[in-house]
Amino acid sequence: MATSQTQNPLKTPFSQLSIKEHKPWFYKPRHLTITAAHPHLSGRKLRAAVIGGGPAGSSAAETLASGGIETFLFERSPSTAKPCGGAIPLCMIDEFSIPLHLIDRHVTKMKIISPSNIAVDFGSKSLRSHESIPMLRREVLDSFLRARAQSAGAQLIPSLVTSLELPSSPFSPYIINHTTNNSRKTLAVDLIIGADGANSKVAKFIKAGNYTCAIAFQERIRLPDEKMEYYQNLAEMYVGDDVSPDFYAWVFPKCDHVAVGTGTVCAKQDIKLYQRGIKERVRNKIYGGKVIKVEAHPIPEHPRPVRVRGRVALVGDAAGYVTKCSGEGIYFAAKSGRMCGEAIVSASDGGERMIGEDDLKRGYLKEWDQKYVSTYRFLDLLQRVFYGSNVTREALVEICGNEYVQRMTFDSYLYKKLAKGDGWEDLKMVLGTIGSLMRCKIVGREMEAIKF
Ligand SMILES: Cc1cc2nc3c(=O)[nH]c(=O)nc-3n(C[C@H](O)[C@H](O)[C@H](O)COP(=O)(O)OP(=O)(O)OC[C@H]3O[C@@H](n4cnc5c(N)ncnc54)[C@H](O)[C@@H]3O)c2cc1C
């Protein structure tokens, strides 16, 4: 039977609030008395809860704890991991000190395959000798990042956050209601980072508004050895209205199997049809394979209308930081968690002062938008132009054959900077793109005519 240990601290002024701590087995018992009623906290440190222990939450928690803030990291399910392809950009390894032994595969070859099955090699010529796309399992990455946040001083609470109680004044606490093994508990904190993914509860509680989501579906398939050999260092992307009306389908190599999947925004009800489509396209390559896991999850399509309210900030998928066109979100989750944490550490003088909404907006949101808004807009434009019809998808594949386009794409993807181009090559690329679009339109029209 559920036990309840709640009190109503919001009825007590923050300055007199005595919060009885609920004691999971893994942290030391103590009695916390919060005495601050002034922006300068006396006798205690700023207290933060990070909700969600994916890349966004763990990076935020690590940064907060290292910066002197008393940090609690809530994760409802530390032993599992969300469905994900597991591809990360190369720069993440150095920037987030990811040990190389966590990487299952270093992909050095990519193929993009058009609706008419024209395949373009993307990588073998344009990746430099030291470059690759690292692929890992999320269960491995997530537990590593969580453990590192704990080593930095964050307290991991393996518990489901069920609701939040909002403060009644600028300095009174947020109350987090959470449940572990049917036992209900509460924790009072000064601020919250919502890193709880695409179905974020934190976003709902602060009325952050909705975003459009794609649905991604994938099957993990263990292949016979000789078939797995083909995908050793190779990832494939398939485009076509048989595999997705507005996204791409993929075969990504994992440690001892492949992930075969697809996504769509506009036809979610047909996702299984598109999954059959991609499996049909790769039928010979996965023949004899055994499905070991089937998984599906939403992918946000754009940021939420509100990402900061009061002393609550959203990061990662909860904020909506997945790029269009590629569906990439791991790096942006970790980066946004870290940037948000840094903003809090800096605004609170290492946990000595209370912070407010303006600090979060100035130190985190403004910095984030300045750094990444153009990347999101650019990829949004590419998705609109190229994923709309089989004609434009054929053009996309044709353009991907261009070495300069490949180099620019890798520079932007691997290093997370919009690559600086060469003026003359850029002009040639624009003309080439227009040429490809026109050529494919004409070919497309002829193909339509042949059909009738
Ligand atoms: C099929 C698929 C393939 C993808 N492939 C790639 C890829 O190859 N590369 C890439 O970069 N991106 C990929 N993405 C996107 C990427 O997975 C996300 O952008 C990334 O996981 C976001 O990280 P996050 O920390 O913000 O959220 P999440 O990884 O979703 O983490 C949220 C965490 O919060 C926890 N949580 C949620 N609610 C609560 C609660 N109430 N209480 C306590 N804990 C809670 C969850 O258990 C979870 O651990 C893919 C997505 C999908 C669906």
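Two strands count as paired if DSSP finds at least two bridges between them. Keep that cut-off in mind for the first exercise, and remember that the model is predicted.

**Exercise 1. Which strands pair with E14, and in which sense?**

Step 1. Start with strand E4 (residues 47–51): four bridges link E4 to E14, and the pairing is parallel. Within this pair, Val50 sits opposite Ile193 of E14.

Step 2. Now turn to strand E21 (residues 312–314), which is joined to E14 by three bridges and also runs parallel. Here Ile192 has Val312 as its bridge partner.

Step 3. Check the cut-off: at least two bridges are needed for a pair, and E14 has four with E4 and three with E21.

Step 4. Look at the two faces of E14 (residues 191–194). Side chains in a regular strand alternate between the two faces of the sheet. In E14, Leu191 and Ile193 point one way, Ile192 and Gly194 point the other way, and all are buried.

**Exercise 2. Which residues touch the most other members of the largest nonpolar core?**

Step 1. The core holds 108 residues, and those touching the most other members are Ala48, Ala49, Val50, Val189, Ile192 and Val315. The element that gives the most to this core is H9, with 10 residues.

Step 2. Follow Val50 as an example. Leaving out residues up to four places away in sequence, its contacts are Gly57, Ala60, Ala61, Thr71, Leu73, Phe74, Ile193 and Ala195.

Step 3. For background, nonpolar side chains tend to be buried together in soluble globular proteins.

**Exercise 3. Where do Asn182 and Lys207 lie?**

Step 1. Recall that most residues other than glycine have a negative phi. Asn182 has a positive phi, near 65°, and Lys207 has a positive phi of about 55°.

Step 2. Place each residue. Asn182 is in the loop between strand E12 (174–180) and strand E13 (183–189), while Lys207 is in the loop between helix H4 (201–205) and E15.

Step 3. Count neighbours again. Asn182 counts as exposed because it has 8 C-beta neighbours inside 10 Å. Lys207 counts as exposed because it has 10 inside that distance.

**Exercise 4. How many residues surround the ligand, and which elements give two or more of them?**

Step 1. The shell consists of 39 residues, with Gly52, Gly54, Gly85, Gly316 and Gly329 the closest.

Step 2. The elements giving two or more residues are helix H1 (55–66), strands E11 (160–165), E15 (213–222) and E19 (290–300), and helices H8 (316–319) and H9 (330–347).

Step 3. Finally, check the domains: domain 1 (3–81 + 139–209 + 303–375) and domain 2 (91–137 + 211–300) each give at least three residues to the shell.

Methods. Residues numbered from 1 in each chain as written. Predicted model: local features only at pLDDT ≥ 70, side-chain atom pairs only at ≥ 80, totals over all residues. Near = placed C-beta within 6 Å. Domains from an automatic or database assignment. Core = buried A, V, L, I, M, F, W, Y, C linked by C-beta atoms within 7 Å. Buried ≥ 20, exposed ≤ 12 C-beta atoms within 10 Å, placed from the backbone. Contact = placed C-beta atoms within 7 Å.
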